[in-house]
Every structure is written in C-alpha cells, then in structure tokens.
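Hi everyone, thanks for coming. Let me show you the model I've been looking through, and then I'll walk you around a few spots.

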Amino acid sequence: MTTREDIVRFLNDYLLIASVPDCSHNGLQVQGRDAVRKVVFGVSANLELFERAADAGADMIIVHHGLLWGKEQPLTGLFGRRVGFLFQKQISLLGYHLPLDKHPVIGHNALLLKTLQAQNIRPFALYHGQEIGFRGEVTPAALEPLVHTLESACGAKAFVLPFGPRTVRQVGVVSGGGWSMLGDAIDQKLDLFITGVLDEPVQELCREGHIHCVALGHYNSEKIGVLALMDLVRAQFGVETEFIDVQNPI
C-alpha cells in the first residue's frame, strides 16, 4: 500500500525543496487520508479542481500553484471553503512551486527547451537570487516552426512579439509570470525568450533589445512540468493518476 508520507517524502527529496528558498510552502499543504490509491494532478489549486478530483475518487491532489503563499490567512471566505472541502473529503493537497520551475529534468522550463531539441541546457534568469529558468541552443531555425512546436507542447495559441533575428539559435525560458526576466535574456543576447504572460513594457523592450518573445499563457506554459511529475509518481508508486485540466487561457 502506498501512503501519503511515501509520496510526500519522495517528492520533497526529488524536487530538492529544502535547497530552494520559496515562500509558498512546498510539499504537504493539507493532510488527508493515509492510504493513497489515486492521485489527481492539476496546475493550480481551486475548488473546481478539488470537486472534479473528489468525483474521480482521488486520495491526493498535486499542483504547481498551491494554496499557501507565505502569509497568514483566516479559514474564511473562498480560502476557507477550499480548505474545508479538502478536509471534508479527506483529500491531501501537495504543492510544488519554484522547485518544479527550476528542476532540470521534469521542470517546465527545462522541458519546454527539450521540446525544441535544445542542447547545452543550463540555468538562466535570476528570481530573488536564484536561477529558475533555463537557456539552451537550438538548431538554427526560423521563429515560426519553433512557435508551432511550443503551441503543440502546451496546447495553447502563442502570443508572439517577433523583434529578433531571422534565424534563432539561443533560447531562454522562464514560464508562468516570468516576463520580468526578459532583461536577463537581452543582457545575454538571446534570440528568443519564452514565457507565460506579458505586461505592457515587453513590446518595446523586445523591439529595442532585438529579441523575439513568445507567451503561451501562465497556466498553459506550466502544464508540461505537472504532466511530467504525474508520470514520475505513477512510475515510482504504481498508483492510479489523472490530470484534470481546469482550462485557463491566462
């Protein structure tokens, strides 16, 4: 029988949470039943995910964006309803934020580069003093086929700012809300920066920095790491797994 603590201990060690400074309380966030037969995976903790997981018979839910973000919260309102539902159904919730962003094997940033068959993949882009993205070198190509590959991997339509060179070689990735690290990509003279969402300054930074930028949506740019985490847990423990896609274009 697989237990809750078996999975928590394995993932905490595999994702090296003790070595990753992060305010979002990585690991077990809500404690459910001891025995685990089915694990549901999702990108973000929310009530729709919890309800669909309960209907699917889940004993545990594992997400990238959990419920805890470094501040005290009363168990009231939306937050209270979310936590209360999990306790009522005895479903455990695990969240892995920055450790999944920066993992070199199953992290979404590294995996997005691997979908482009990048070589010489290495850490890139500082966030609060730690590198959470990756950069690498792709076979010289036009921008369009690279965008198509990324859209296929993420199941999303990309927003493209095409201000870089005709041929792309050097690529950096910081998924999710990583647009603020575009400056790192410009400083390192990359040809293409891949992220999740953009903000108003990005267009002119790309134009002046002579770099392409591709945004795939915060949610969709981070599905690939969650899916890889699901495959890992299924292979390691032999439990039933399911990814529940609470679709979100943002």
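This is a predicted model: local features need pLDDT of at least 70, side-chain atom pairs count only at pLDDT 80 or more; totals for chains, interfaces and linings use all residues.

I'll go through charged pairs, then packed helices, then a few spots in loops.

Okay, charged pairs. Quick reminder for anyone new to this: side chains of opposite charge can pair when their charged atoms come close. How many salt bridges does a search of the whole structure find? The search turns up 12. I'll pick out some of them.

Start with aspartate 59 and arginine 33. They form a salt bridge, and the closest N and O atoms sit 2.8 Å apart. Where are they? Aspartate 59 is in the loop between helix H2, residues 47–55, and strand S3, residues 60–65, while arginine 33 is in the loop between strand S1, 27–30, and strand S2, 38–44, so this pair ties together parts that are 26 residues apart in sequence. Now, buried or exposed? Aspartate 59 has 7% relative accessibility, so it counts as buried. Arginine 33, at 26%, counts as partly exposed.

Next pair: glutamate 240 with lysine 38. Here the closest N and O atoms of the salt bridge are 3.5 Å apart. Glutamate 240 belongs to strand S11, residues 240–243, and lysine 38 to strand S2, so the two tie together parts that are 202 residues apart in sequence. Glutamate 240 has a relative accessible area of 48%, which makes it partly exposed. Lysine 38 is buried, with a relative accessibility of 8%.

And one over by helix H9. Aspartate 245 makes a salt bridge with lysine 223, with the closest N and O atoms 3.5 Å apart. The aspartate is in the segment after S11 and lysine 223 is in H9, residues 223–237, so this pair ties together parts that are 22 residues apart in sequence.

Right, on to the helices. Two packed helices are described by the angle between their axes and the distance between the axes.

Take H1 and H9. What angle do they pack at? It's about 125 degrees, and the axes are 12 Å apart. That's why we call H1 and H9 oblique to each other. The crossing of H1 past H9 is right-handed. On the H1 side, the contact is made by Asp6, Ile7, Phe10, Leu11 and Tyr14, and on the H9 side by Leu229, Leu232, Val233, Gln236 and Phe237.

H2 brings Leu47, Phe50, Glu51 and Ala54 to the contact, and H3 brings Arg81, Arg82, Phe85, Leu86 and Lys89.

Last stop: loops. Most residues other than glycine have a negative phi. Here are two exceptions. Leucine 16 isn't a glycine, yet its phi is positive, about 55 degrees. You'll find leucine 16 in the loop between H1, residues 4–14, and S1. Glutamine 90 also has a positive phi of about 55 degrees without being a glycine. Glutamine 90 is in the loop between H3, residues 77–89, and strand S4, residues 92–95, and at 44% relative accessibility it counts as partly exposed.

Isoleucine 91 is found in that loop between H3 and S4 too. Isoleucine 91 is buried, with a relative accessible area of 1%. So what does it touch? Leaving out residues up to four places away in sequence, isoleucine 91 touches Val30, Gly32, Ala54, Ala58, Asp59, Met60, Ile61 and Leu86. Notice Asp59 in that list: that's the aspartate from our arginine 33 salt bridge.

That's my tour, so over to you for questions.

How values were computed: Residues are numbered from 1 along each chain as its sequence is written. Side-chain values use heavy atoms; hydrogens and water are left out. A salt bridge is a side-chain nitrogen of Lys or Arg within 4 Å of a carboxyl oxygen of Asp or Glu. Helices (H or I, at least four residues) and strands (E, at least two) are DSSP runs, numbered from the N terminus. Buried means under 20% relative accessible area, exposed over 50%, partly exposed in between (1.4 Å probe, protein chains only). Axes are lines fitted to C-alpha atoms, for helices over the stretch in contact, and angles run from 0 to 180 degrees between N-to-C directions. Angles under 35 degrees count as roughly parallel, over 145 as roughly antiparallel, 65 to 115 as roughly perpendicular and the rest as oblique. A crossing is left-handed if the near helix is turned anticlockwise from the far one by less than a right angle, and right-handed if clockwise. Contact means heavy atoms within 4.5 Å.
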